[in-house]
Amino acid sequence: MRLVDRVGFCVQSLRSQPTRTLLIALAMAIGTAGVVVLTWLGEAARHYVVGQFDALGTNLVIVLPGRSETTGSAPPLLGETSRDLTLDDALAVKRSPAVRRLAPVVVGGAVVAFGNRSRETTVLGSTAELLPVRRLTLGMGRFLPEDNAAGGAVCVLGATVARELFGAQHPIGEFVSVGDRRYRVSGILASGGMSLGTDLDEMVVLPVVAAQALFDSPGLFRIIIEATSKDAVPLAVADVQRILSERHEGEYDVTVITQDALSSTFDGILRALTLAVAGIAAISLVVAGILVMNVMVVAVTQRRAEIGLLMALGAEAVTVRRLFLGEALLLSVGGGCAGLLLGEATSRVLPHFAPVLRPGVPWWAAAAAVSVAVGCGLVFGTAPAARAARLDPVTALARR
Amino acid sequence: MIELRGVDRVFQVGDQAVHALRAVDLVIGRGEYVSLMGPSGSGKSTLLHVLGLLDRATRGAYLLDGQDVTALDDVEQARTRRLRIGFVFQAFHLVPRLTTAQNVALPLVLAEVPPAERRERTTAQLKAFGLLDRGHHLPDQLSGGQRQRAAIARATVTRPDLLLADEPTGNLDRTTGHEVVRILEQLHDGGITLIVVTHDQELGARAHRRLRMDDGCLVGDVGQGLGPERGEEPS
């Protein structure tokens, strides 16, 4: 029997039972769409998180005071430290050839006021190099002065803070009070949105010395280091460890995180999660495959006379097997493709409502979902088809 | 054309062996018109199935045109069925979802005849059987006589030289039964070897050669050969 005739025969058989065909194809479609959509969501989440890390800057090494000897909490949530990380530590580290730029960071909360408006904000103390290291952009004015150690009485406002304090008024050159001191506004950060959960628009940036004075603490919150290149990152880490150990009387009491390690850890976790979720969704595909098998078993029983007839007319066993396997395959492929379209459509429509999601199903997920659907058809269609091919024509014809 | 030598067919029912055919020896010449009669369970249908290669003899040899077809494998047996043997059943066995034309064309589809030739031969066949205006109807829209005509048209569309009919009039009333018998006899006049299994004495008596079976054995063989009837008791 020619291939085109076999396909025609299968299609005609499926069309003679439209309800049953549609329901089984629907089950297959839902299973496939589930795999496709969940994989897409997982991938979108992974891209979002990795993108957040990349937005921080490149080749970053972050030094935190204190060192956790136990595991159990995530690295940024370290406990108390016995020894502060100081500005001098930062300056010492900067001498390493592997370090291109470095920004010490002090963080605290304070009230910022202009005229009769005031609000509580996060205050970030740092240096001029924070701008390139964190890849911030200025909306207007200038950032902190290069000569940070002197720490002029200037500040840079986040976009939201500036708007709320000044409204339509031009802020550059005006004086705002932060805590109990007054600072001249030298620049406004461009509205940059969120970065790793920190809303930069809601911040006020002071020179690091000023911030240390404001919070009355010599300790740094962290040091953000940009290595000269990706290859220099391990060298930078080694230098940081060596220099800081020397400075801390031989004790290695800081925690060094590379952005790379952090980003690839999250990348790995989210990839594993995606695969796990897709695997769970694939169970529904297997269930759909069992439905296909069930339908085919019923079909073989119902169509015994037809099978006997085909054999009497000279159909070989292999022809009968192919006809029934073909039906199972058509059901799976049809359902799988419908599910793929459904999943693809979902991945195009949903991002309109949730823009952080990247539209478009990854090609490998689409290919995997459809191959699993086809595989289900093959695996679960084989047994009923073999059963049809094994029928004895005489007994098959005898029953009506 | 057909030669059976000591053919046995034994079915195993539970732990009991049922002999459906016992040492059947039979020679049927090309173009003969043979009826096969006997009580229920006498083995006549089994004999027909063995002749049609739907069933295999447990012992003995079946020679079709001198070739031992019992030695053929399944694929070759299917090929022989496809090209040389036509079946007509009591229950018609038309595929309900296929139109009359598609049912008639089914053996050609299985034989991988090209579509153009297939259409041509199917149309000719429908015309010959007076079903041309019924070609696009489904079997359940046909009368019993039309259904059996369609089934015969299907059985002969590949121009087989052996036509096997199992109670072809069993599901039909008298008039349509006669009509079907006339069609079968016309086919025989055209040179086909016709073997009819029947309970119907009148139908059986019309055959030039009449075989009787009982308990798996051939017990009567009257009018052997194409010529005028000559009585001959089997040994």
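Mentor: We take a sheet and then a helix of chain B.

Mentor: This is a predicted model, where local features need pLDDT of at least 70, side-chain atom pairs count only at pLDDT 80 or more, and totals for chains, interfaces and linings use all residues. Residues are numbered from 1 along each chain as its sequence is written, and chains are lettered from A and ligands numbered from 1 in the order in which they are written.

Trainee: What order do the strands of the open sheet in chain B have?
Mentor: The 4 strands run β2-β1-β4-β5, with antiparallel pairing. Strands are DSSP runs of E, at least two residues, and helices are runs of H or I, at least four, numbered from the N terminus. Two strands pair if DSSP finds at least two bridges between them.

Trainee: Which are the edge strands?
Mentor: β2 (16–28) and β5 (67–68) of chain B, each pairing on one side only. β5(B) is joined to β4 (residues 59–64) of chain B by 2 bridges; Q67(B) is the bridge partner of L64(B).

Trainee: Now α6(B). Which of its residues are buried?
Mentor: G177(B), V180(B), V181(B), I183(B), L184(B) and L187(B). Buried means 20 or more other C-beta atoms within 10 Å of the residue's own, exposed 12 or fewer, partly exposed in between, with C-beta atoms placed from the backbone.
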